[in-house]
Structures are given as C-alpha cells and as structure tokens.
Amino acid sequence: MTGHVKIAGVWKEVAQPYARVGGTWKEVAQAWTRVGGSWLEWFAAGGVAGYFSDGRGTTDVYKIAFPSDTLTATTSSPVGLWFHAGFSNVGVAGYFSRGNALSEVYKWAFPSDTVSATTSSPLAPDDHAGFQNPGVAGYFSRGRAQPQVLKWAFPSDTTSSTTSAPAGMQNHAGFENPAVAGYFNRGTTSGVLYSTVYKWAFPSDTNSTSTSALDLTAYNAGFANPAVAGYFSRGNSNTTVYKWAFPSDTVSATTSSPLVMGRHAGFSNAAVAGYFARGLNTSGTIYKWAFPSDTTSLAATAPQAIENNAGFANA
C-alpha cells in the first residue's frame, strides 16, 4: 500500500499511513483521502507486484509487475514448494510455506526479493491456505483435514497458535478484508467437499461461520478487493467464481474464468484487479479480474505449468 503526503512543500511517497486515535498515533492498514469531493481508498494508488510459486515441488517463483503485468522469474525458493500457501506484509516481505507436510517458511524481502528462512511452523502444514492482516500478522491454516490456525506476528515473525476453525480444513483457500477479518473456505476432508466458509475477526481472531459458497468449493484459490469484496474460485476443475461483498458477506456468482481452474492460487492488486493462476498442471495461464467490473482477461503466462502453488502480493 502506498500513498503520497506533502511534507515541507514536497510530495513524498509513504508505504504506511498513521492516524491519531485518542491521542495516540496508530498504524492503519487502510486509509481514505478526499479527492475531487469523493472519498477514495489509500489502496487506489495500486501496488508493486504479485508473486506465484510454481508448485509441483520446484523452486521457481514468478513475479508479475503492476500495472503492466510483465512476468519475470525472481529469486527462487531454497527448496521445492508444493501443496503450500502464502501471505504478505505489504511493503515489507512476502511469505511462502514449504508445504507437503514440512515445517519451513521462507520470506521474500521487498523490493529486493532476497530470500531467507524465517520462523518455521510448529505444525507441519499441507494442502493449506493463508491470509494476512497487513502490518499486524500473517495466518496459515494447518490443512491436512485439521482445524488449527497459526499466526506470524509482524515484524518479528513470532509464531503462535490462534483460534482454530470449527472443523478440519484442507485443499482450500483464503482472503482478507484488512483490519476487519480473514476468511478460509473449508475445502475438503476425507474426500468430502464443502461449501462452508469461516471468518476470523481482527484483531481478536474470534471465529464464526460466514455465508457459505453457492456450491461445493475446494482445490481453489482466493483474492480480495479490500473494503469491497472477497473472491473464491470454485476450483475442482470448474470455471465458477464467487464474490463475498464486504461487510455483509452476501455471496453472488461473478464473471467466470475463461477455462476451468483447480489446484491453483491467487493474489490481488488492491482497487485495481485480482489474479488467479489457472493451475491443473495444464499451462502457466494467469487470468485477471478488473475491479470493480470483474471483467476477465488473460494477464500473463508463466513459462511452464503451475499447480499446487501459492501466491502473495506487494500491494
């Protein structure tokens, strides 16, 4: 998240806004400014880039620059990544778990993309998902049909267990409404698919059941347009995409993908567009949903198929 403020007569870019609340300066994950008589979100400035791992046990990581959607290879993971998840601390770093029932977590520093190992997961995750509360913490589900959720506090990356889901989750996805709540769909357990969606309120992490998807949703991905709506693909070789309007969580079907998607990942450039890799080990195709119309187009193509992968964005 970036914005501009005038300091001593000079406009300067800032990565994180602060507000004075009750006499105390507090960092805020979302801000508004009045432009031409209309209140606009700070997010409207757009982000820097989104990242997709290759998945499939490889070390490859791809970077899609905003707004051009130019795709390049960036710093590889130290080890192969598979059945894993991602989240980011905007303006600071993006995170990928190793996945495949292994505990390592790796961190890509922005803007250099220098990679380092950070605090490992206390519970080895697999077939899992992530979301973030920017500037506060990132969250990974455990997956493996288990209900546990783990939390990495920013900037220390201190890890702790937080409120578990009411039931096990696996082969699923996440999105967030910054400073408000994070969402995981349940996905599958023991081969059974679910439409259930769970919600973690920020900052308490109080858990509740949100509005379910309109059909069974698993092997899917998510992204969000902060303060507007969150999106889950249906996954499992379907084209359907569902949209949860904030703050009501009213669910509707929106523009479908041009081709079926599954075992894939997503990220968003806040207030601009959301992105889904197609997955399914068929191609490197990446689709883009423009905000607020949800008009869909081909954004970029990775040089090889990407599947069982994850995404995050510096946006």
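## The largest cavity

The largest cavity holds about 580 Å³ of space, where a cavity is a set of points, on a 1 Å grid over the protein atoms alone, at which a 1.4 Å probe fits but cannot get out, and a volume is the space filled by probe spheres set on the points, which are joined across faces, edges and corners. Its lining counts 43 residues, and Gly-130, Gly-174, Gly-222, Gly-266 and Gly-311 are the closest to its centre; a lining residue has an atom within 4 Å of a point.

The model is predicted, with local features needing pLDDT of at least 70 and side-chain atom pairs pLDDT 80 or more, while totals for chains, interfaces and linings use all residues. Residues are numbered from 1 along each chain as its sequence is written, and side-chain values use heavy atoms, leaving out hydrogens and water.

## The nonpolar core

Among the 16 residues of the largest nonpolar core, Phe-52, Ile-64, Phe-267, Tyr-275 and Ile-286 touch the most other members; such a core joins buried (under 20% relative accessible area, 1.4 Å probe, protein chains only) Ala, Val, Leu, Ile, Met, Phe, Trp, Tyr and Cys residues through side-chain atoms within 4.5 Å.

## Aromatic rings

The structure holds 37 aromatic pairs, counted when the ring centres of Phe, Tyr or Trp (its six-membered ring) lie within 6.5 Å, and called stacked under 30 degrees between planes, edge-to-face over 60 and tilted for the rest. Phe-175 and Phe-246 form a tilted pair, 6.1 Å centre to centre with 55° between the planes. Both Phe-175 and Phe-246 are buried.

Ring pairs also link Phe-131, Tyr-139, Phe-184, Tyr-198, Trp-200 and Phe-202 into a cluster.

Conventions. 1 Å grid on protein atoms, 1.4 Å probe; cavity = no way out; pocket = protein on both sides within 12 Å on 5 of 7 lines; lining within 4 Å. Buried < 20%, exposed > 50% of the residue type's maximum accessible area, 1.4 Å probe, protein only.
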